[in-house]
Amino acid sequence: MLRRACFTFLWVFPLAACFAQTAQPASQPATPAPTGSVQVVPVPPTPQPPPAAPLPSPAATAASPQPKVTYSQCSVEGSYVAITFDDGPSPENTPRLLDLLKKRGLRATFFVVGQCAVEYPDIMKRIAAEGHEIANHSWSHPLLSKLGEAAVTEQLQRTHDAIQQTAGVTAKVMRPPYGGFTANQRVWAHKKWGYKIILWDVDPLDWKVRNAGHVESEILKRTVNGSIILAHDIHKSTVDAMPGTLDGLLARGHKFVTVSELLAMDRPTTPKPKPVAVEKAPAAAAVAAPASTPAR
Ligand code: NI
């Protein structure tokens, strides 16, 4: 049985992997091969500006005309949020979580590990029957950004099939273990399975701090409209935290939807106008917090 949770180095690997793209082999060439018989006339080099232009950030990539593939939160009208549970199903904890959700009439999204899905098909059926979304979290929870295309295909296809066979539903979204998925892999998985890649903006570190009070307070502190909340239904302390967490979010007016429903509500964000320069900015402005919490 797999009992692994998501660890802290999530953003180290994806970033490292992104920067390593040029060293990737064959399947995704860095530059397209020339086509046709067009004669390429050498062009004299143009003078380059002295400082090297920075690489586009993931945020800049997301803002390009390309279809949006990766989400760590959504921009929605209304107080909708999506709570997600990774790494199960767990025979000890998932049924108890389902009871808590059912009692409150709430729906969640379960990012299941394929080898657990085939081990507990009855729990898979129950998750689907009670209206929750089931999504792909790989077969055995490896760091996908370090694997080649064939291995990643096996990890995702086996799980995609296991979800269909056990629960009778088709996964529409996936979450890479540890958040580790390169930019090329994200586009490729979207083309191959139609998956949107789901990260998160609320992380209570429930795999690390096995304390229900901590999990509850972190989620209540960080959740905003459009949040995608990360939790793990393999940990008893996480499920213990859910009565207070769910009731607390409800008391604040939040409405629970599945990840796919939240994505369907996502609206393009208009860039904020640049602030007009005023007199000397106060020192505090230089250390203002970022606009949004970066997902790990
Ligand atoms: Ni995980």
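Predicted model: local features only at pLDDT ≥ 70, side-chain atom pairs only at ≥ 80, totals over all residues.

Biologist: Fine. What share of the residues counts as buried?

Modeller: 42% of the 296 residues in the protein.

Biologist: And how many helices and strands are there?

Modeller: Ten helices and eight strands.

Biologist: Take contacts between residues at least 6 apart in sequence. What percentage join residues at least 24 apart?

Modeller: 82% of them.

Biologist: On to helix packing. How do α3 and α9 sit against each other?

Modeller: Helix α3 covers residues 94–104 and helix α9 covers residues 236–251. Their axes come within 9 Å and cross at roughly 10°. Angles under 35 degrees count as roughly parallel, so α3 and α9 are roughly parallel to each other.

Biologist: Is that crossing left-handed or right-handed?

Modeller: The α3 and α9 crossing is right-handed.

Biologist: Which residues meet there?

Modeller: From α3, you have R96, L97, L100, L101 and R104. They meet K236, V239, D240, M242, P243, L246, D247 and L250 of α9. By class, the α3 contact with α9 has eight nonpolar residues, five charged and no polar ones.

Biologist: What about α3 and α5?

Modeller: Helix α5 is residues 121–129. The axes of α3 and α5 come within 11 Å, crossing at roughly 15°. That angle makes α3 roughly parallel to α5.

Biologist: Which hand is that one, left or right?

Modeller: The crossing of α3 and α5 is left-handed.

Biologist: And which side chains or backbones are involved? Just give me the residues.

Modeller: T94, P95, L98, D99 and K102 of α3 meet I123, R126 and I127 of α5. The α3 contact with α5 divides into four nonpolar, one polar and three charged residues.

Biologist: Switching topic. How many aromatic pairs are there?

Modeller: The count comes to three aromatic pairs. In one of them, the ring centres of W193 and Y195 are 5.7 Å apart, with the planes at 20°. Planes under 30 degrees apart count as stacked, so the W193 and Y195 pair is stacked.

Biologist: Are those two buried or exposed?

Modeller: W193 is buried, at 13% relative accessible area. Y195 is buried too, at 0% relative accessibility.

Biologist: Which residues make up the aromatic cluster?

Modeller: W188, W193 and Y195 form one cluster.

Definitions and conventions
Residues numbered from 1 in each chain as written. Heavy atoms only, no water. Axes fitted to C-alpha atoms, helices over the stretch in contact; angles between N-to-C directions. Helix = DSSP H or I, 4+ residues; strand = E, 2+ residues; numbered from the N terminus. Parallel < 35°, antiparallel > 145°, perpendicular 65-115°, else oblique. Left-handed = near helix turned anticlockwise from the far one by under 90°. Contact = heavy atoms within 4.5 Å. Nonpolar A, V, L, I, M, F, W, Y, C, P; charged D, E, K, R; others polar. Phe/Tyr/Trp six-rings, centres within 6.5 Å; stacked < 30°, edge-to-face > 60°. Buried < 20%, exposed > 50% of the residue type's maximum accessible area, 1.4 Å probe, protein only.
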